[in-house]
Amino acid sequence: GSAPFRYIQDAVDAAVDGDVIYVCAGVYTERVELAQRMVSLVGVDGADATVIDANSAGVALAVNNGQDGTTRIQGFTLQHGADETMGSGLTVQSSSPALVDLVVRDCSGVAAIHLDDSDSTVDGVRLLTNSTTSGLQIHGGAPTLTHVLATNNSVDAAVLQVANSDATVRNSIFAFNDLGWQYGGYVIQFGGSGCSPFLYNVVVAENTASNVESSYAIRQECGE
């Protein structure tokens, strides 16, 4: 239908597969889950104007039921997520939506973004001022990341952590982040028994390692 909704989740629940939900500028204090809906969410005025604020009550946005590239998440800031098991700003599980023009900021927990068994196309995503174990965490799948900016985050393990995945990362910047785990941290870490990552034109610069015995800009541990 075309009726306006006060909450994004209400619009999702009323939608049918193939719908595109256009969201007006504003701050929406809620958590959104697509569940079984094969729908797209588009912030019409872009990420800086359209905010989903989880208010530290869980994951800001979850896509977790087999959505493919016809599902598009575009033009949102996802903030104040807090979760100890998944990505507190954005969690994508067994789904491959297109993720475009997103800001994930001021989140806490295991990761700001978690992609699990996903082949998502990720373009123009910014991770800003998160305090998490990992910034962007990828398990399995073969997502393609382009124009990702991760800056001013504080992480315990890695800013970008990839396990058992054939992820591709292009034209992206990882700068001015702090690695805080006392035994060692990474800006970019690849690992697992089955992974073949590809990096092209990726900038890693001006990251710091406070209270860390050893740290690495990029560490590749595939096959271990």
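By the grid criterion applied to this predicted model, one cavity of 30 Å³ or more is counted. A cavity is a set of points on a 1 Å grid over the protein atoms alone where a 1.4 Å probe fits but cannot get out; points are joined across faces, edges and corners, and the volume is the space filled by probe spheres set on them. The largest cavity has a volume of about 40 Å³. Its lining (residues with an atom within 4 Å of a point) consists of Leu90, Leu99, Leu102, Ile113, Leu115, Val122, Val125, Leu127, Leu136 and Val148. These divide into ten nonpolar, no polar and no charged residues. At least two lining residues each come from β9 (98-105), β10 (108-116) and β11 (121-128), strands being DSSP E runs of at least two residues, numbered from the N terminus. The largest contribution, three residues, is that of β11.

Local features require pLDDT of at least 70 and side-chain atom pairs 80 or more, while totals for chains, interfaces and linings use all residues. Residues are numbered from 1 along each chain, and side-chain values use heavy atoms, without hydrogens and water.

β15 pairs with β18 in the parallel sense over five bridges, pairing requiring at least two DSSP bridges. Alanine 158 has tyrosine 186 of β18 as its bridge partner. In β18 (residues 185-192), eight of eight residues are buried, that is, under 20% relative accessible area with a 1.4 Å probe, protein chains only.

Technical notes:
On a 1 Å grid over the protein atoms alone, a cavity is a set of points where a 1.4 Å probe fits but cannot get out, and a pocket is an open set with protein on both sides within 12 Å along at least five of seven lines; lining residues have an atom within 4 Å of a point. Helices (H or I, at least four residues) and strands (E, at least two) are DSSP runs, numbered from the N terminus. Ala, Val, Leu, Ile, Met, Phe, Trp, Tyr, Cys and Pro count as nonpolar, Asp, Glu, Lys and Arg as charged, and the others, Gly among them, as polar. Buried means under 20% relative accessible area, exposed over 50%, partly exposed in between (1.4 Å probe, protein chains only).
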